[in-house]
Amino acid sequence: MINGSMFNYKKQESKKKATFDQLLELISNGNFKEGEKLPSERDLAQILNVSRNVLRESIVELTAKGLIEVRERQGIYVRKIDQDGTIDTLKNMQLIPGDF
């Protein structure tokens, strides 16, 4: 189980960036697997110890990068990482290691 106390933010680091990084780490480490539904916004905000507004901003960014998919009235799902060359895009953006 993911524990909110493991996510602490430095003052100079924006919460939006830190939240984005934490979600990206959870996805790339396999805590949230491909095709899996993420917890509700409320639960995820609690887990990451951020407001729902900050979480939504990070979700928008992850969606734009093709890592997650927001399905209306269904939830947020992790996209397949190899779908549409996403893995190559992430390597080029240096969001995941080149040897992944």
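Good morning. Axes here are lines fitted to C-alpha atoms, for helices over the stretch in contact, and angles run from 0 to 180 degrees between N-to-C directions. Helices (H or I, at least four residues) and strands (E, at least two) are DSSP runs, numbered from the N terminus.

The model is predicted, so local features need pLDDT of at least 70 and side-chain atom pairs count only at pLDDT 80 or more, while totals for chains, interfaces and linings use all residues. Residues are numbered from 1 along each chain as its sequence is written, and side-chain values use heavy atoms, with hydrogens and water left out.

I turn to the helix pair. Helix H1 (residues 15-28) packs against helix H3 (residues 52-64) at an angle of about 55 degrees, and their axes are 9 Å apart. H1 and H3 are therefore oblique to each other; angles under 35 degrees count as roughly parallel, over 145 as roughly antiparallel, 65 to 115 as roughly perpendicular and the rest as oblique. On the H1 side, the contact (heavy atoms within 4.5 Å) is made by Lys 15, Lys 16, Thr 19, Phe 20 and Leu 23. H3 contributes Val 54, Leu 55, Glu 57, Ser 58, Glu 61 and Leu 62.

Next, H1 itself. Its buried residues include Phe 20, Leu 23 and Ile 27, where buried means under 20% relative accessible area, exposed over 50% and partly exposed in between (1.4 Å probe, protein chains only). Among the elements covering the buried residues of H1 are helix H2 (41-48) and H3. Lys 15, by comparison, is partly exposed, with a relative accessible area of 42%. Just after H1, Gly 30 takes a positive phi of about 90 degrees.
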